Amino acid sequence: MAHGFTHVLVGGAAAALVWQATGPPGGEPTANWLAEPQGWTVLAGASAVALASHLLLDLMPHYDYLFASWQEVLLSLLALAACFFLPPAPASWVVLLGGFWGVVPDLEHGPYWRGWMRRRFFPTHSGWLPHRKCGPPASLLSQALLNALALLIIGGV
Ligand SMILES: [Zn+2]
């Protein structure tokens with residue numbers, strides 16, 4: 001697992017790109033735009049792309065710094081807050097949904113580590129696809145760049 005907050009921010013950024021590509025063309029979207037059929041298509045597309053981003057991040061070589069669970073949770077919540085409060089509404093809902101789906105696969109680690117689940121199911125967690133590692137310096141640089149880029153995309157919606 002890359003860190004939770006990275007999954008949140010990259011998932012949010014992926015959703016932000018979907019919004020930019022498919023959101024309401026020109027002008028201010030109406031408040032209930034997302035409740036209309038085309039809004040649902042955007043929400044579904046953003047969710048799918050965010051979920052796919054989890055897979056890509058796990059495949060990308062990285063180093064997992066040992067943060068305590070509460071630190072992971074706190075940082076992930078801060079990242080979710082960034083997803084919601086940086087973009088203007090209603091895009092903020094799309095980006096928040098992306099942040100949520102970006103990190104959701106990692107929720108299976110907790111029950112697994114506690115022995116409540118015999119196996120994990122997400123492809124990069126179950127061993128079906130490789131979970132790549134690299135040393136701390138390269139990881140620090142690439143992950144920092146990734147987080148910064150994701151924040152730029154989220155803030156630029
Ligand atoms: Zn993962």
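Analyst: Val49 has 20 other C-beta atoms within 10 Å, so Val49 is buried. The cut-off for that label is 20 or more. The model is a predicted one. Val49 is found in helix H2. Which residues touch Val49, leaving aside its neighbours within four places in sequence? They are Ala14, Ala15 and Val18. Gly115 is another matter: 66 residues along the chain from Val49, with 30 Å between the two C-alpha atoms.

Ala14 and Ala15 lead on to a helix pair. Both belong to H1 and take part in its contact with H4.

Two packed helices are described by the angle between their axes and the distance between the axes. Here H1 covers residues 4-22 and H4 covers residues 91-103. Their axes come within 6 Å and cross at roughly 140 degrees. Angles over 145 degrees would count as roughly antiparallel, and 65 to 115 as roughly perpendicular. H1 and H4 are therefore oblique to each other. Their crossing is right-handed.

Who makes the contact? On the H1 side the residues include Gly4, His7, Gly11, Gly12 and Trp19. On the H4 side they include Ala91, Val94, Leu97, Gly98, Gly99 and Trp101. The contact residues split into 12 nonpolar and 7 polar, with no charged residue.

Now H4 itself. H4 has 13 residues and spans 19 Å from first C-alpha to last, close to the 18 Å expected at 1.5 Å a residue. Is H4 mostly covered or mostly open? Mostly covered: 10 of its 13 residues are buried. Among them are Val95, Leu96, Gly102 and Val103. The cover includes H1, H2, H3 and helix H7, residues 136-155.

Last, the loop between H3, residues 69-85, and H4. Pro90 lies in it. With 20 C-beta neighbours inside 10 Å, Pro90 counts as buried. Most peptide bonds are trans. The bond joining Ala89 and Pro90 is cis, with omega at about 0 degrees. Pro90 and Ala13 are 77 residues apart in sequence, and their C-alpha atoms are 15 Å apart in space.

Notes: Residues numbered from 1 in each chain as written. Predicted model: local features only at pLDDT ≥ 70, side-chain atom pairs only at ≥ 80, totals over all residues. Axes fitted to C-alpha atoms, helices over the stretch in contact; angles between N-to-C directions. Helix = DSSP H or I, 4+ residues; strand = E, 2+ residues; numbered from the N terminus. Parallel < 35°, antiparallel > 145°, perpendicular 65-115°, else oblique. Left-handed = near helix turned anticlockwise from the far one by under 90°. Contact = placed C-beta atoms within 7 Å. Nonpolar A, V, L, I, M, F, W, Y, C, P; charged D, E, K, R; others polar. Buried ≥ 20, exposed ≤ 12 C-beta atoms within 10 Å, placed from the backbone. Expected span 1.5 Å × (residues − 1).
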